[in-house]
Amino acid sequence: MSEQKFRIESDLLGELKVPEEAYYGVQTQRGIDNYHISRKKMRDYPDYVIAIAYVKLAAVQTNHALGVINDEIASAMAQACRELIDGKMHDNFPIDMMQGGAGTSVNMNANEVIANRALEIMGHKKGEYQYCSPNDHCNCGQSTNDVYPTTIRYAIIRMNKTLVASLTGLISALRYKAEEFQDVLKMGRTQLQDAVPMTFGQEFNAYANNLEEEILNLDRNVKLLHEINMGGTAIGTGLNAVPGFTKLCAANLSKLTGEPFVAATDLVEATPDTGAYVSYSGALKRLAIKLSKICNDFRLMASGPRCGLHEVNLPPMAPGSSIMPGKVNPVIPEVTNQVCFKVIGNDTTVSFAAEAGQLELNVMEPVITECLIESLIWLHNALDTFTEKCVLGITVNKERCLEMVKNSIGIVTALNPYIGYKNSTKVAKEALETNRSVYDIVLEKGLMTQDKLDEALDPKNMLVSHKF
């Protein structure tokens, strides 16, 4: 095994050894040395690396068009950016997702990789920054404080598409099951008590409609991320960016990505503003809350099999106990619940981090980034797992459900329009106390004829509104 070789690079704090083959440089190496927190690396998230490559490419194109960077350097840097977009060199982004410095390590990681690859393209050695500099060329007209938030925004926009695709898959599965179970009668419940009859078709369609609202809500909130502050540089004043950079860079990024990015009208306001992250995180939380509620319902409906509701059967995915033979647990809804708890917790962290900004910058954006990316990935994976390993395999216990409807006190509600609420209450009370059926008691008291009672308690008449 050959001994690893290093090159020496220097920065404000002095010299440091960098692996000779690495495209990153001294500031990235300091990030590697300093941060061993989450053990999650930037390179683990391709959308994140691709997003910053697009931002840097838009900046290169802008600076070249404005005459700030010459043809040779601009061409080499643009090629390096496109290689990152194509998935190359991602292993050269080894820094921890959790870091101080408001994202400076991320920005400089990209600057150094692009610079060193550009140097290679131009026929120079890595580290010969006099020909292409991470700061003077790759960061020209920019700052971490505009590059980093723009990168986060585009990364979230990209990942949101994946999340919506997974959510759409779950909605389709729920509608498929609603069609399959459209005529299967069951008892509806409120406050865990018998309410009135319904069908599984109605219930599953309601779940689908409930989640479909979240696609619209995610889309509403992701639009907030299209306003960017490129060209604001350090605090939004635009220091060191040439006139015209801001709008042209937004236009270039839009053309490259197909996303409708716009330059913020007030860059000083936009630079520390994390409101869009708070809103989008809230949309993820809202989806998580709804998804978790559906999982709770499935676990309740599948409870038993002998001593619970036992209305549905979830696909058996694993033995449920190391001591109780024959036990099978609802493991897929359980793991989905836990993902939802994590997303809710991440939203709380995002809120605290957004509040913690001071003056012209919010230095807590790295934890906002980590939380949002984690929530997006976990939710996407959980939705796919829940769809494929649970929802599509659900079956219903039709006879069990019909028997519960017939024996329910709740069907007395359907008699309110015929015998009045007071009489219905008396019937319900007597049925509970004597363990007799509502049907028999109504006939015994002469409150309705058998024909009228049969018509009123026909399940079809209890599932929709109708004239009396």
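Reader: Which residue of strand 4 stands opposite Thr190?

Author: This is a predicted model: local features need pLDDT of at least 70, side-chain atom pairs count only at pLDDT 80 or more, and totals for chains, interfaces and linings use all residues. Residues are numbered from 1 along each chain as its sequence is written, and side-chain values use heavy atoms, without hydrogens or water. The residue of strand 4 opposite Thr190 is Gln193.

Reader: Over how many bridges do strand 3 and strand 4 pair?

Author: Strands are DSSP runs of E with at least two residues, helices are runs of H or I with at least four, and both are numbered from the N terminus. Two strands pair if DSSP finds at least two bridges between them. Strand 3 (residues 185–190) and strand 4 (residues 193–199) are antiparallel, and their bridges number five.

Reader: Which residue in this hairpin takes a positive phi?

Author: The hairpin of strand 3 and strand 4 has two residues between the strands. A positive phi near 55 degrees is found at Gln191.

Reader: Are helix 5 and helix 11 roughly parallel or roughly antiparallel?

Author: Helix 5 (residues 144–180) packs on helix 11 (residues 365–389) with axes 9 Å apart and an angle of about 15 degrees. Axes are lines fitted to C-alpha atoms, for helices over the stretch in contact, and angles run from 0 to 180 degrees between N-to-C directions. Angles under 35 degrees count as roughly parallel, over 145 as roughly antiparallel, 65 to 115 as roughly perpendicular and the rest as oblique. Helix 5 and helix 11 are therefore roughly parallel.

Reader: How are helix 3 and helix 4 oriented to each other?

Author: The axes of helix 3 (residues 71–85) and helix 4 (residues 104–121) come within 8 Å and cross at roughly 120 degrees. The two helices are therefore oblique.

Reader: Is Glu259 buried or exposed?

Author: Glu259 sits in the loop between helix 7 (245–257) and strand 6 (262–263). Buried means under 20% relative accessible area, exposed over 50% and partly exposed in between (1.4 Å probe, protein chains only). At 11%, Glu259 is therefore buried.

Reader: Which side chain does Glu259 join in a polar contact?

Author: Leaving aside neighbours within four places in sequence, Glu259 is in contact (heavy atoms within 4.5 Å) with Tyr154, Ile157, Lys161, His226 and Ser254. A polar contact is a pair of N or O atoms within 3.5 Å; within protein, one must be able to donate a hydrogen and the other to accept it, and residues adjacent in sequence count only if both atoms are side-chain atoms. At 3.0 Å, the partner is Lys161.
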